[in-house]
Amino acid sequence: MSASPAPSRRPDRSGLIIAGGIFAACAALVGYGIMAGSGEDDDKPERKVPTAAVTYEVTGSGTADITYQARSESGKAVVVEAATLPWRKTVAVPLGRQAIVSITLGEQGGEARCAVAVRGRHVQGATAAGEFGRATCSGALPREPGAEEGEG
């Protein structure tokens with residue numbers, strides 16, 4: 001009896017086919033991500049910070065230098081030099097920050113009054129008088145959206 005050769009078996013290539021399919025799918029997703037992002041700016045999107053409406057008001061006559069807090073996460077203040085009075089500005093201030101307005105009268109002196117209102121509610125007022133007179137008004141903003149001051 002002679003030994004007959006074993007029937008030839010084809011190598012199993014199903015693993016290669018599956019790996020190739022996975023590779024093609026990954027390459028397609030990467031390509032889609034690159035194409036989808038190519039038309040947009042490289043700038044980071046602006047973070048949405050919850051704010052409250054704050055109204056600053058300075059009454060009197062003449063002029064005053066006014067410094068106030070507005071929408072700034074870094075805490076930088078806005079300065080208005082020699083603003084003609086009366087002056088009023090409503091701005092958005094990030095929650096958890098202080099709403100602050102400061103006034104400084106010039107060498108002509110006089111009298112001016114500052115006031116702060118948070119969400120339409122008067123919080124504080126102060127008066128500056130005389131040569132280079134100064135006054136500051138402030139009010140705390142709630143830390144969370146919808147929270148009110150004094151809640152416990």
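I began with the cysteines: Cys114 and Cys137 form a disulfide, with their sulfur atoms 2.1 Å apart, where a disulfide is taken as a pair of cysteine sulfur atoms within 2.5 Å. I note that this is a predicted model, in which local features need pLDDT of at least 70 and side-chain atom pairs count only at pLDDT 80 or more, while totals for chains, interfaces and linings use all residues. Residues are numbered from 1 along each chain as its sequence is written, and side-chain values use heavy atoms, with hydrogens and water left out.

I searched the whole structure for disulfides and found one. The link of Cys114 and Cys137 is right-handed, with 85° about the S-S bond. Cys114 lies in strand E6 (residues 111–118) and Cys137 in strand E8, so the pair ties together parts that are 23 residues apart in sequence; strands here are DSSP runs of E, at least two residues long, numbered from the N terminus.

I then looked up accessibility, where buried means under 20% relative accessible area with a 1.4 Å probe and protein chains only. Cys114 is buried at 0%, and Cys137 is buried at 0%.

Next I turned to the sheet that holds E8. Four strands form an open sheet in the order E3-E2-E5-E8, with antiparallel pairing, two strands being paired if DSSP finds at least two bridges between them. Strand E3 (77–84) and strand E8 (134–140) are the edge strands, each pairing on one side only.

Terms used: Buried means under 20% relative accessible area, exposed over 50%, partly exposed in between (1.4 Å probe, protein chains only).
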